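These are some notes to read beside the model. Please keep the sequence and the structure open while going through the points.

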Amino acid sequence: MALRITLKDHFRETEIFLARAVFAGIVAIVLFGAVVSRLVYLQMVKHDHYTTLSQANRIHLIPVPPNRGLILDREGVVLAQNFPTFQIHITPERVTNLKDTLERLANVIDVQDVDIARFRKQLKRSRAYQTVPLRFRLSDEEVARFALDRHLFPGVELVAPLTRHYPQGELTSHIVGYVGRIDDQEQAALVDESNYEGTTHIGKTGIEKQYEDVLHGFVGNQEAETNAQGRMIRVLKSNAPTPGVHLHLSLSANLQKIAMDALGDRNGAVVALDPKTGGVLTLVSKPGFDPNLFVNGIDADDYKALVTSPDQPLYNRAVNGQYPPGSTIKPFYGLAALEYNMPEATGQTPCRGAFSLPGDTHRYRDWKKEGHGMVDLDRAITESCDVFFYDLANSMGIDRMSTFLGYFGFGTRTGLDIPNEFGGLLPSQAWKRAARKEKWYAGETVVIGIGQGYLLVTPTQMASFTGVLAAHGQRMVPRLVQSLENPNTSEVQQIEPHRLSDLPIKNPLNYNKIIEAMTHVVSGARGTAKGISKDLAYTMGGKTGTAQVFQIKQDEKYKESEVDEKLRDHAWFIAFAPAEDPKIAVCVLVENGGHGGSAAAPIARKLFDAYLTVQGQPAS
Amino acid sequence: MNIGEFTRFGSDAGRQDKVSLAVRLHMDVPLLVGLCTLATVSLIILYSSSGQSLDTIFRQLLRIGLAFGIMFVLAQIAPHHLKRWSVWLYLFGLVLLVAVEIIGDIGKGAQRWLELGPIRFQPSEIMKLAVPMMLAWYFSEQPLPPRFWRLIFAALLIAIPVGLIAKQPDLGTAVLVAIGGFLVLFFAGLSWKFMISLIPLGVGGSWVAWHFLHDYQRQRVLTFLNPETDPLGTGYHIIQSTIAIGSGGVYGKGWLNGTQSSLDFLPERSTDFIFAAYAEEFGFIGALILLAVYLFIVARCLYIASQGQDTFARLLAASLAVTFMVYVIINTGMVTGLLPVVGVPLPLVSYGGTSIVTLMAGFGILMSIQTHRKLLPT
């Protein structure tokens with residue numbers, strides 16, 4: 001009965017149920033309210049914060065690399081430019097059957113196994129929508145063939161990105177240098193890594209490396225909308241890159257060519273500069289190489305050929321070749337003798353074909369076996385008398401010689417704007433104690449008196465020192481780049497010549513004596529370079545020299561014809577013109593050329609004629 | 001007894017002539033309007049979140065049609081028939097769950113699906129309806145509030161299927177089924193004292209449960225507590241979802257302009273996280289309107305429950321109504337970062353198969369309850 005009553009107690013059941021239903025309704029409102037308040041927080045309070053996050057999600061900056069600045073010579077001849085080269089790129093997601101496509105492509109263009117291997121390697125690291133290069137530097141014929149069949153290759157593109165190109169090739173390879181793909185070390189060394197996003201190449205040698213910061217320019221970007229996979233949907237905004245600055249060199253491609261040709265089939269270096277500004281007119285190191293080979297990675301075979309060649313084409317003789325200066329050092333000692341008031345400078349010194357130190361039997365021979373007789377300073381330079389300078393060196397002493405040569409800059413880099421310049425070697429007693437842990441011997445001074453022994457110079461140094469001498473002690477730092485041109489505004493900014501303190505010479509008239517003696521070398525009846533004086537339209541000062549490659553034994557005769565080509569002496573010639581107002585100073589080194597007067601001096605003459613005269617007449 | 005009282009009691013009586021077609025078809029118009037609104041919202045936002053795929057829209061439309069069809073069929077069946085089927089449906093569901101468990105053991109992995117010819121089908125979905133039906137039937141046979149030993153038996157009726165579903169493992173559905181069952185107990189008049197005394201038991205139980213959770217389930221809870229610890233893994237969902245909602249602002253980015261969803265940053269943007277895609281494009285105002293529609297449906301269902309003529313109908317209707325609300329809250333709470341990511345779709349809006357059919361079957365039952373009332377004196 002009780003059970004039945006409770007079962008039928010609908011009123012109580014309904015009461016409980018309705019109370020619970022109302023409670024559930026209230027809970028529902030509270031919970032919905034919680035969600036709504038969360039939405040208020042997210043969509044109103046923190047709206048800006050989440051908008052920023054959402055933008056950061058979808059907008060990515062895609063770098064647009066700048067065009068690299070051009071490199072031009074003094075007349076505007078292009079030495080380095082950006083040139084479109086044709087490449088084949090493949091977008092994997094647009095290719096239905098990659099294997100088949102590659103096979104068919106090989107019938108149209110040349111596709112080697114190495115190309116496919118490199119392609120496959122890069123393919124693994126990139127996303128399906130990113131294009132991957134298959135071939136670089138397509139020939140015109142390949143381009144034409146592919147263009148015809150293009151419709152058969154969906155997903156395969158012919159693209160022509162700008163590639164660095166050096167139209168002068170070998171002629172300016174040692175000056176301009178080359179760019180190459182950025183390697184890990186260079187990547188790590190970048191000062192502003194973000195500026196190189198999108199840039200693939202960087203200056204590796206020469207001007208390209210030295211002026212990398214101005215040549216490169218500043219990266220631009222595209223604000224691109226991207227999806228969660230990083231695929232670009234559309235470009236929202238572009239900021240154009242700032243192209244790199246054009247470099248105008250003081251160098252003349254024409255003179256460079258003349259010097260290169262004049263060297264003929266000999267290896268060597270020719271450096272010419274303007275003594276008043278330090279501007280380098282010619283900087284030849286022969287042989288050169290084709291810098292274009294390096295731009296997109298050099299073939300192993302090509303590289304091996306360059307490295308193993310006995311001619312060492314990658315070696316920049318002009319700035320890295322360190323040679324004994326030979327007799328070209330003599331005018332510098334002559335100036336020292338005048339400056340130090342040495343008796344030899346004003347008196348006469350007997351030359352009997354050899355010199356010996358007091359109490360020593362060793363004979364230091366003159367190049368002229370029978371001797372020059374009584375010689376003064378002028379004749380000693382004109383005829384390149386060795387005995388005079390043996391004697392002078394012995395009385396001056398190594399430290400005074402060394403100090404005086406140091407004024408010019410012997411033993412230190414000239415500061416030319418090319419990377420890794422060498423500074424030669426200026427020996428002294430202190431140097432030998434420190435470097436060799438040995439005492440100095442008097443005989444070493446004697447040998448250095450004619451520019452042999454420890455003393456080493458580079459052709460660039462020698463050209464610079466010759467200019468200093470010709471310009472009466474005015475010291476200019478040699479440099480290749482003379483102005484920068486803004487490619488957007490064509491505004492040209494000159495680089496001021498860098499002048500160092502003048503030589504500390506007490507009597508400026510001393511320069512005249514040496515310069516006069518050097519003009520006698522070229523024009524004098526007994527000058528060692530008189531062979532080049534015919535029809536000379538200007539006054540030219542010079543000095544010949546030979547650098548010994550191989551030491552001949554005491555009392556043994558050096559016979560050029562009997563000595564192996566590679567062991568023959570290097571021929572030197574330094575010169576400047578016009579003597580009264582020098583506009584050009586040059587240093588010529590002909591490796592294994594033998595005598596300076598015959599092998600090296602004619603090259604200087606050709607260069608001077610080209611620079612100073614118009615068809616044999618003095619230029620205005 | 002005054003017949004006029006009964007006509008007032010049956011609220012729709014005054015409108016009977018105007019909507020006679022709806023009455024004859026056993027449709028509850030307010031509820032139907034609410035459900036159709038949700039279906040429309042679903043198609044609109046799906047078009048955007050699927051990347052304007054008409055194919056997706058078509059398939060969802062097909063599914064909605066099927067679900068509405070099932071709702072319509074169930075609405076025709078009087079509640080007392082449903083009551084008779086409750087026990088059999090419950091037992092049938094249990095058998096299928098055990099079958100899934102056995103197949104899962106053979107397949108050595110998580111198993112939720114059962115393949116019946118071309119139809120793939122989740123037995124746990126049946127339990128979403130079968131458990132509340134079973135309990136409503138059980139309590140309708142006895143005086144309320146229930147006695148203690150009956151509660152224990154009812155708890156067992158809930159625990160067996162929940163345990164089987166949790167073992168699949170499908171924690172989300174297990175929790176929902178448990179909630180559906182518990183709600184019947186709640187509406188049956190489970191005493192407040194008893195419920196409060198369950199709290200320390202629940203805390204202890206979750207501590208024990210923690211040790212039985214799979215690693216990925218624990219990870220979900222941990223990531224929920226601090227999503228930034230794992231920005232590319234499980235936290236990615238919550239981070240991208242809050243970015244989508246937050247960046248929508250008051251007015252939204254506009255239809256088809258949601259960058260988070262159209263650019264693939266928002267994961268599961270057509271299924272579990274569709275609310276984030278919606279809130280991104282339609283903003284706070286749009287989200288508020290959608291939530292209002294849900295609240296209206298819940299309110300309407302609770303009203304239908306309150307008008308129920310027997311215990312079975314009332315308990316079942318109220319349980320289904322609140323379960324529906326729990327769905328909405330769990331999904332929107334999860335998407336807005338209030339609750340852990342448990343993989344519950346937004347009811348009737350998310351793209352997906354079984355759950356929409358189950359839900360609409362539930363609404364069919366509710367309509368049946370509402371439209372099969374007889375004007376009987378007490």
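1. The accessible surface of chain B is about 16800 Å², and carbon and sulfur atoms hold 69% of it. Such areas come from the Shrake-Rupley method with a 1.4 Å probe; for residues, only the protein chains shown count as cover. This is a predicted model, in which local features need pLDDT of at least 70, side-chain atom pairs count only at pLDDT 80 or more, and totals for chains, interfaces and linings use all residues. Residues are numbered from 1 along each chain as its sequence is written, chains are lettered from A in the order in which they are written, and side-chain values use heavy atoms, with hydrogens and water left out.

2. Of the 378 residues in chain B, 53% are buried (under 20% relative accessible area, 1.4 Å probe, protein chains only). Chain B has 15 helices and 2 strands (DSSP runs: H or I of at least four residues, E of at least two, numbered from the N terminus).

3. Chain A brings 40 residues into contact with 53 residues of chain B (heavy atoms within 4.5 Å).

4. H2(A) supplies the largest share of the side of chain A that touches chain B, 24 residues.

How values were computed: Buried < 20%, exposed > 50% of the residue type's maximum accessible area, 1.4 Å probe, protein only.
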